[in-house]
Amino acid sequence: MNYKIKCSKCKQNYQLVTRPTRFVVCYECQKPDLKGEITDPKMKKLLDIPEQFYKDNLFLRDIKIKYLRFGDLSEKQIAAFEKVVDKMQKAVMKD
Ligand SMILES: [Zn+2]
């Protein structure tokens, strides 16, 4: 089940979420936070996914922004990221 929630920041765009969430920020509003240089080859590979995935999925954006901000991710965060990407890739293949 997907919910369309209006962005709390611009109050214009909608974001798809899998569960009702009160505070949601859309892709357009987070776009500046998603820009940054990734030098670690391992992280570069991990975060190099289709831009559409970041547009569709708030969680993936959060992880990327966290990495860009703190320069590190926990094993748990990496595993969760990979799991979501894997799920989305499978969904794309189904279409
Ligand atoms: Zn917005």
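The views below all come from a predicted model.

**View 1. Met88 in helix 5.** Met88 belongs to helix 5. This residue is partly exposed, because 17 other C-beta atoms lie within 10 Å. Leaving out residues up to four places away in sequence, Met88 touches Phe53 and Asn57. Phe53 is 35 residues from Met88 along the chain, yet their C-alpha atoms are separated by 7.5 Å.

**View 2. Helix 5 along its length.** Helix 5 covers residues 75-94. Of its 20 residues, the number buried is 1, so helix 5 lies largely in the open. Its end C-alpha atoms are 29 Å apart.

**View 3. Helix 4 against helix 5.** Two packed helices are described by the angle between their axes and the distance between the axes. Here the axes of helix 4 (residues 58-70) and helix 5 come within 10 Å. They cross at roughly 145 degrees. The crossing is left-handed. Which residues meet in this contact? Helix 4 brings Phe59, Leu60 and Ile63. Helix 5 brings Gln77, Phe81 and Val84. By type, the residues of this contact are 5 nonpolar, 1 polar and no charged.

View 4. The 13 residues of helix 4 should span 18 Å at 1.5 Å a residue.

**View 5. The largest nonpolar core.** In soluble globular proteins, nonpolar side chains tend to be buried together. The largest nonpolar core in this model has 5 residues: Leu47, Leu60, Ile63, Tyr67 and Phe81. Helix 4 gives the most to this core, with 3 residues. Leu47 is in contact with Ile38, Lys64 and Tyr67, leaving aside its neighbours within four places in sequence.

**View 6. Thr18 in a loop.** Thr18 sits in the loop between strand 2 and helix 1. Is Thr18 buried or exposed? Thr18 is exposed, because 12 other C-beta atoms lie within 10 Å and the exposed class takes in 12 or fewer. Not counting residues up to four places away in sequence, Thr18 touches Met1 and Asn2. Phe81, a residue of the largest nonpolar core, is 63 residues from Thr18 in sequence. In space, the C-alpha atoms of Thr18 and Phe81 are 15 Å apart.

**View 7. Lys11 and its positive phi.** Lys11 is placed in the loop between strand 1 (3-6) and strand 2. Most residues other than glycine have a negative phi. Phi of Lys11 is positive, near 55 degrees. Lys11 counts as exposed because it has 8 C-beta neighbours inside 10 Å.

Key. Residues numbered from 1 in each chain as written. Predicted model: local features only at pLDDT ≥ 70, side-chain atom pairs only at ≥ 80, totals over all residues. Axes fitted to C-alpha atoms, helices over the stretch in contact; angles between N-to-C directions. Helix = DSSP H or I, 4+ residues; strand = E, 2+ residues; numbered from the N terminus. Left-handed = near helix turned anticlockwise from the far one by under 90°. Contact = placed C-beta atoms within 7 Å. Nonpolar A, V, L, I, M, F, W, Y, C, P; charged D, E, K, R; others polar. Expected span 1.5 Å × (residues − 1). Core = buried A, V, L, I, M, F, W, Y, C linked by C-beta atoms within 7 Å.
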